[in-house]
Amino acid sequence: MRAFHVLEIGASHILVGKPCQDYAASIETENYAIAVVADGHGSDCYFRSDRGSRLAVATALQMLQEFLSQTDNMRTLPKNDWQHQLAASIISRWGEAIEKDKSNEEFTEAELSLLKEHQMQRVAEGKWQFVYGTTLIAIVRTEKVFFGMHIGDGKCVCFDSKGKPSQPIPWDDDCFQNRTTSLCDGDALTRFRFVYQTKKLPVEMFIASDGVDDTYATDERLYTFYDALRKTFRSNPETAVKDLQEFLPQMSAKGSKDDISIAGIIM
Amino acid sequence: MNPLEAVEIARRQMTLFFLVDTSGSMSGSKIGAVNTAIREVLPTISEISEENADAAIKIACMSFATDVNWLFAPTDVEGMTWNDLVAGGTTALGAAMKELNRKLSRSEFMNSPTGNFAPVLFLMSDGQPTDEFQKGLAELQENKWFNVAIRVAIAIGDDADKEVLAQFTGNSELVLTAHTPEALKAMIRFVSVTSSKIGSRSSGVGVGGNAGEESKQAEFAEQVQEFKEENADLDALTDGF
């Protein structure tokens with residue numbers, strides 16, 4: 001079991017001097033592997049979304065590790081309940097993390113100048129969380145279970161042992177064009193989508209921000225890319241992550257121009 | 001060679017839909033001005049498409065009179081030739097709304113939600129609908145692509161139903177009125193060029209959905225307002241059709 005992650009600032013961000021607002025992380029142990037990506041929203045008003053995505057990834061990784069260390073047999077857990085509880089904990093802990101970030105470093109005048117009047121009003125009312133807005137995808141694989149949770153855009157693409165691709169996490173039709181659901185939404189918990197599998201488990205699992213989806217435009221092309229990636233991991237396991245990382249600047253420049261984060265688990 | 005480079009990277013696309021009333025009252029100088037203006041603006045849109053790294057621009061054209069017809073589905077603007085529209089018949093705008101709704105779907109023209117930018121829907125009409133416009137519009141208003149699109153209309157002459165056109169655009173400021181062939185051509189050029197530029201530009205990166213994001217439609221509305229102010233003389237003309 002192997003986990004990996006890569007991250008690249010978008011070509012458009014470089015042009016305008018914006019930071020990379022994606023973040024990704026992964027971890028592998030003897031018993032499980034975890035992969036997480038988050039995509040901070042890009043417009044000016046989300047001026048701390050780079051921190052929001054980083055804190056979302058760190059929070060999810062920590063919560064999932066805590067959960068896995070306390071759970072001997074996930075197959076005995078009631079399916080919906082624990083996944084919702086995990087998502088609720090991540091939302092809550094992320095809320096605390098951004099609160100701490102804000103109290104450590106209050107918004108500057110330069111940051112606040114990026115807001116429109118109605119957004120300033122929201123900040124004045126204490127509803128400032130949107131400036132850290134981000135999506136989140138997290139997946140976990142153990143020997144006997146695959147599960148994941150997702151809010152916002154980006155996609156999770158898995159391959160079974162025969163090389164057949166699928167997207168096991170349901171799509172959310174509210175993620176359309178430049179709109180996405182977000183960890184900062186007041187109803188974030190109801191926006192989370194989940195996957196939980198104990199049979200016919202995937203052997204290659206990839207998650208990525210929409211910088212990848214937009215580059216390949218159609219599911220057919222997206223599957224072709226991931227198929228090439230999984231074959232790279234099979235044929236050149238030592239250099240696969242390096243090959244992928246080296247390709248990302250080109251992918252962003254020729255494709256979406258957006259930040260790109262990809263993480264995955266290879267069995 | 002890095003094996004990942006072998007996978008084709010797609011260029012996204014934005015479609016400018018011309019929705020043109022070709023009823024009998026459009027015959028003569030009105031349809032003539034529409035044909036001339038669109039034919040003349042295509043090379044400029046082609047240049048915008050070529051120079052724009054974010055998305056390729058495609059053109060689609062629907063004409064509606066007694067019946068609704070697609071002159072062409074979304075087509076690359078590069079090298080496109082315009083075949084003149086011919087006027088005749090009634091004004092089945094309601095049927096046009098229904099047909100547009102049908103085509104603005106994943107199984108038809110918008111077959112890739114991530115591959116398509118929100119379209120530009122550019123309606124031109126000189127009269128009153130002769131069918132069930134409200135019913136057709138109500139269906140269209142449920143369409144997600146319609147709701148994110150840049151929507152604009154030109155009322156051609158004094159007999160055009162501006163209220164109907166404003167219902168289509170969702171904003172009366174996005175209805176321009178042309179009283180002469182010259183004004184109509186200038187407006188078609190302005191709308192086509194400006195909406196193509198705004199519509200085909202990437203609207204940012206991973207834009208979040210809950211902070212009251214300004215839309216491309218709002219940005220376009222500002223440009224229309226500026227155009228109206230700078231060309232107030234066009235509006236002051238009496239009807240020359």
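Modeller: Two residues are in contact if their C-beta atoms, placed from the backbone, lie within 7 Å. This is a predicted model, in which local features need pLDDT of at least 70, side-chain atom pairs count only at pLDDT 80 or more, and totals for chains, interfaces and linings use all residues. Residues are numbered from 1 along each chain as its sequence is written, with chains lettered from A and ligands numbered from 1 in the order in which they are written.

Colleague: How many residues of chain A are in contact with chain B?

Modeller: By that criterion, 50 residues of chain A are in contact with 29 residues of chain B. α9(A) gives the most to this side of chain A, with seven residues; helices (H or I, at least four residues) and strands (E, at least two) are DSSP runs, numbered from the N terminus.

Colleague: What makes β6 and β9 of chain A paired strands?

Modeller: Strands pair if DSSP finds at least two bridges between them. Five bridges join β6(A), residues 155-159, to β9(A), residues 204-208, so the two strands meet the definition. The bridge partner of C156(A) in β9(A) is I207(A).

Colleague: Why are β1 and β7 of chain A said to stand at the edges?

Modeller: The open antiparallel sheet has the order β1-β10-β9-β6-β7 in chain A. β1(A) and β7(A) each have a single partner strand, so one side of each is left without a neighbour in the sheet.

Colleague: Which strands does α8(A) touch?

Modeller: α8(A) packs on the sheet, touching β6, β7, β9 and β10 of chain A, and its direction makes about 55° with that of β6(A). Axes are lines fitted to C-alpha atoms, for helices over the stretch in contact, and angles run from 0 to 180 degrees between N-to-C directions.
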